[in-house]
Amino acid sequence: QVQLVESGGGLVQAGGSLRLSCAASGRTFSGFAMGWFRQAPGKERDFVAAITWRSGGQYYADSLKGRFTISRDNAKNTVYLQIASLNSEDTADYYCAATFRSSVIGIMTSTAYDYWGQGTQVTVSS
């Protein structure tokens with residue numbers, strides 16, 4: 001089992017920035033890649049970004065590329081999501097996830113991920 005714990009969410013004014021963290025534990029290796037998803041009230045869970053542990057390859061939702069930056073700290077088994085220029089549309093529950101499938105194919109889809117955190121809330125005030 002892999003435990004994923006998100007942190008860093010909170011209330012932020014529009015235009016501000018925020019860095020979310022996802023700490024992985026429970027296994028020696030955290031998997032092939034980590035992803036971030038978000039779910040706004042009344043909407044489906046959408047892909048935000050993903051990163052592979054070994055190569056650090058980054059993948060972003062097209063609409064978010066530029067404002068969102070995913071990074072990792074292998075020594076800490078932690079993945080970060082830096083969000084810049086926050087706006088009200090960024091208000092959502094943000095979830096991190098881990099996949100052990102060893103392929104970037106489908107990395108932007110929730111079905112590719114094996115473990116999920118409980119989420120951290122991000123609320124952007126306008």
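Let's start inside the fold: alanine 33 sits in strand β4, and this residue is buried, with a relative accessible area of 0%. The model is a predicted one, and its secondary structure consists of 11 strands and zero helices. The radius of gyration is 13 Å, close to the 14 Å that the globule rule gives for 126 residues, so the protein is as compact as a globular protein of that length.

**Overall architecture**

- Along the sequence, the elements read β-β-β-β-β-β-β-β-β-β-β.
- Taken along the principal axes, the box filled by the C-alpha atoms is roughly 40 × 25 × 25 Å.
- Buried residues make up 41% of the 126 in the protein.
- Looking at contacts between residues at least 6 apart in sequence, you will find that 56% of them join residues at least 24 apart.

- Why does alanine 33 count as buried? Its relative accessible area is 0%, and buried means under 20%, so alanine 33 falls in that class.
- Setting aside neighbours within four places in sequence, alanine 33 is in contact with Ile51, Thr52, Trp53, Ala97, Ala98, Thr99, Ile107 and Tyr113.
- From alanine 33 to tryptophan 53 there are 20 residues in sequence, and their C-alpha atoms are 5.5 Å apart in space.
- Aspartate 73 belongs to strand β7 and is partly exposed, with a relative accessible area of 24%.
- Tryptophan 53 is also 20 residues along the chain from aspartate 73, and here the C-alpha atoms are separated by 8.7 Å.
- Not counting residues up to four places away in sequence, aspartate 73 touches Trp53, Thr78 and Tyr80.

- Strand β7 (residues 68–73) and strand β8 (residues 78–83) run antiparallel and are joined by six bridges.
- Opposite phenylalanine 68 stands isoleucine 83 of β8.
- Four residues lie between the strands of this hairpin, and asparagine 77 takes a positive phi near 50°.

**Strand β11 and its partners**

- Which residues form the covered face of strand β11 (residues 120–125)? They are Thr120, Val122 and Val124, while Gln121, Thr123 and Ser125 make up the uncovered face.
- Strand β2 (residues 10–13) runs parallel to β11, with four bridges joining the two.
- Glycine 10 has valine 122 as its bridge partner in β11.
- The pairing of β9 with β11 is antiparallel and extends over three bridges.
- Tyrosine 94 has threonine 120 as its bridge partner in β11.

- Serine 85 has a phi near 50°, a positive value in a residue other than glycine.
- You will find serine 85 in the loop between β8 and β9 (92–99).
- Is serine 85 buried or partly exposed? With a relative accessibility of 45%, serine 85 counts as partly exposed.
- Serine 102 is not a glycine either, yet its phi is positive, at about 60°.
- The loop between β9 and β10 (115–116) is where serine 102 lies.
- Serine 102 has a relative accessible area of 54%, and exposed means over 50%, so serine 102 counts as exposed.

**The second largest pocket**

- The space in the second largest pocket comes to about 200 Å³.
- How many residues line the second largest pocket? There are 13, and Arg38, Ala40, Lys43, Asp46 and Glu89 lie nearest its centre.
- Strands β4 (33–39) and β5 (46–52) each contribute at least two residues to the lining of this pocket.
- By residue class, the lining of the second largest pocket has seven charged, four nonpolar and two polar residues.

Terms used:
Residues are numbered from 1 along each chain as its sequence is written. This is a predicted model: local features need pLDDT of at least 70, side-chain atom pairs count only at pLDDT 80 or more; totals for chains, interfaces and linings use all residues. Side-chain values use heavy atoms; hydrogens and water are left out. Two strands pair if DSSP finds at least two bridges between them. On a 1 Å grid over the protein atoms alone, a cavity is a set of points where a 1.4 Å probe fits but cannot get out, and a pocket is an open set with protein on both sides within 12 Å along at least five of seven lines; lining residues have an atom within 4 Å of a point. Grid points are joined across faces, edges and corners, and a volume is the space filled by probe spheres set on the points. Ala, Val, Leu, Ile, Met, Phe, Trp, Tyr, Cys and Pro count as nonpolar, Asp, Glu, Lys and Arg as charged, and the others, Gly among them, as polar. The radius of gyration is taken over C-alpha atoms; the globule rule is 2.2 Å times the number of residues to the power 0.38. Buried means under 20% relative accessible area, exposed over 50%, partly exposed in between (1.4 Å probe, protein chains only). Contact means heavy atoms within 4.5 Å.
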